[in-house]
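Here is a short briefing on one protein chain. Look over the structure first, then work through the points below.

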Amino acid sequence: MTHPRLTPLAASLPATVPFVGPEAQERARGQAFIARLGANESAFGPSPRAIAAMQTAAGEVWMYGDPESHDLRRALAAHHRTGIDNIMVGEGIDGLLGLLVRLYIGAGDGAVTSDGAYPTFNYHVAGFGGVLHKVPYAGDHEDPAALVTKAHETGAKLVYIANPDNPMGSWHQGPVIAQMAADLPTGCLLLLDEAYIDLAPDGTAPEIPADTPNVIRLRTFSKGHGMAGARVGYAIGAADVIAGFNKVRNHFGMCRISQAGALAALQDSAWMDHVRAAVAQSRAEIGRIASAHGLTALPSATNFVTIDCGRDGAFARAVLSGLVADGVFVRMPFVAPQDRCIRVSCGTPDQIAAFARSLPIALGQAKMG
Ligand SMILES: Cc1ncc(COP(=O)(O)O)c(C=O)c1O
């Protein structure tokens, strides 16, 4: 019997995806988590109008979704004051990142990111045989100038930055990002991941016209809009860059229910205001809990708070294990020195109360070693 033959590239890759989901962790523990505060989902949920639209669409799910996501793209274009040709809808930012890497990175092509940044970009670069070049964070921020320098040094075709950043929650003012785009070498495309932009202070989003040829912005309904499970993201960019997606995208990739939900969510700005207020309150509460136990909450422009546990990565990992063992799902940065921190998503008062109860227990155990 012959075995199926992977490509040499696929054969060389580990069969692991970037994250172990909370469901897998629950199966391993044999118990559900009490508080799900590790994936930066929005515990405040989607807009009631989005829920109603998805309930209606559920009965129509025998039909494929519109392969062009026309109504949603038209609404997004109006929202961002761009042309419809400047918008592509896809299966979350993660899916769009995969398509972009497929479009631009072949075997041996260079891509630049920050060491310890959101890992899905790296996963896709590895999957298409690209070469990743990494620069360190500077003071818990991604370092735009270093990313640009590395792009010049390596001739990279793609540079990735998330603003605001995950896992640190830090952010740059819009003009810093606009300058970064202006300083990139010719032929290098900036992937600007704005997953958390709905929750960031005014002035965080750079004023870059959609037709700028070397920038593609990525947005999502997973965070502020509270629809992570629906898998709706979108890209904003120059029409010819956006048209590139049509070379490789999954024709019927968008779920009809998700398209309807995203369209309704976009029109409910009052719900987004409500979520922003709830997130601000939750960030402040997580900060209070951290400082009550002698820890430092880092400033955040996102729906999570990164907490400096004040020692090394081994200590933060021990705190994290204690929280997880106590039923509180949280995550932490992978790379030193950011791995001195744990990362706690904003949540409902009940979830945050569970974190407040477990933190001193986890800290006590970690201190005992
Ligand atoms: C920086 C960043 N980009 C993208 C994503 C994933 O977005 P989506 O759900 O749209 O794939 C996340 C989720 O945690 C994120 O933190």
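Thr 296 stands opposite Asp 308 in β10. This is a predicted model. The briefing starts with the sheet around that pair, then turns to the domains and some backbone details.

**The sheet**
- Three strands form an open sheet, in the order β9-β10-β12.
- Their pairing is antiparallel.
- β9 (296–297) and β12 are the edge strands, and each pairs on one side only.
- Two bridges hold the antiparallel pairing of β9 and β10.
- In general, strands of a sheet pair through backbone hydrogen bonds, in either a parallel or an antiparallel way.

**Two domains**

**Where the domains meet**
- On the domain 1 side, 26 residues are in contact with 25 residues of domain 2.
- About 2,000 Å² is buried between domain 1 and domain 2.
- Carbon and sulfur atoms give 62% of that area.
- In domain 1, Met 272, Ala 301 and Gln 338 lose the most area to domain 2.
- Together these three residues make up 27% of what the domain 1 side buries.

**Polar links and make-up of the interface**
- How many salt bridges cross the interface of domain 1 and domain 2? The rule finds one.
- The side chains of Asp 140 and Arg 340 meet in a salt bridge, at 2.6 Å from N to O.
- Eleven residue pairs are in polar contact between domain 1 and domain 2, counting pairs with both residues at pLDDT 80 or more.
- On the side of domain 1 that touches domain 2, the elements giving two or more residues are α12 (269–292), β10 (304–308) and β12 (341–345).
- α12 gives the largest share of that side, six residues.
- By class, that side of domain 1 has 13 nonpolar, eight polar and five charged residues.

**Backbone details**
- Most residues other than glycine have a negative phi, and most peptide bonds are trans.
- Asn 163 and Pro 164 are joined by a cis peptide bond, with omega about -5°.
- The peptide bond from Asn 166 to Pro 167 is also cis, with omega near 25°.
- Pro 164 is in the loop between β5 (158–162) and α8 (174–183), and Pro 167 is in the loop between β5 and α8.
- Ser 69 is not a glycine, but has a positive phi of about 45°.
- Ser 69 lies in the loop between α3 (48–58) and α4 (70–80).

Notes. Residues are numbered from 1 along each chain as its sequence is written. This is a predicted model: local features need pLDDT of at least 70, side-chain atom pairs count only at pLDDT 80 or more; totals for chains, interfaces and linings use all residues. Side-chain values use heavy atoms; hydrogens and water are left out. Contact means heavy atoms within 4.5 Å. Buried area is the accessible area (1.4 Å probe) that two parts lose on being put together, summed over both. A salt bridge is a side-chain nitrogen of Lys or Arg within 4 Å of a carboxyl oxygen of Asp or Glu. A polar contact is a pair of N or O atoms within 3.5 Å; within protein, one must be able to donate a hydrogen and the other to accept it, and residues adjacent in sequence count only if both atoms are side-chain atoms. Helices (H or I, at least four residues) and strands (E, at least two) are DSSP runs, numbered from the N terminus. Ala, Val, Leu, Ile, Met, Phe, Trp, Tyr, Cys and Pro count as nonpolar, Asp, Glu, Lys and Arg as charged, and the others, Gly among them, as polar. Two strands pair if DSSP finds at least two bridges between them.
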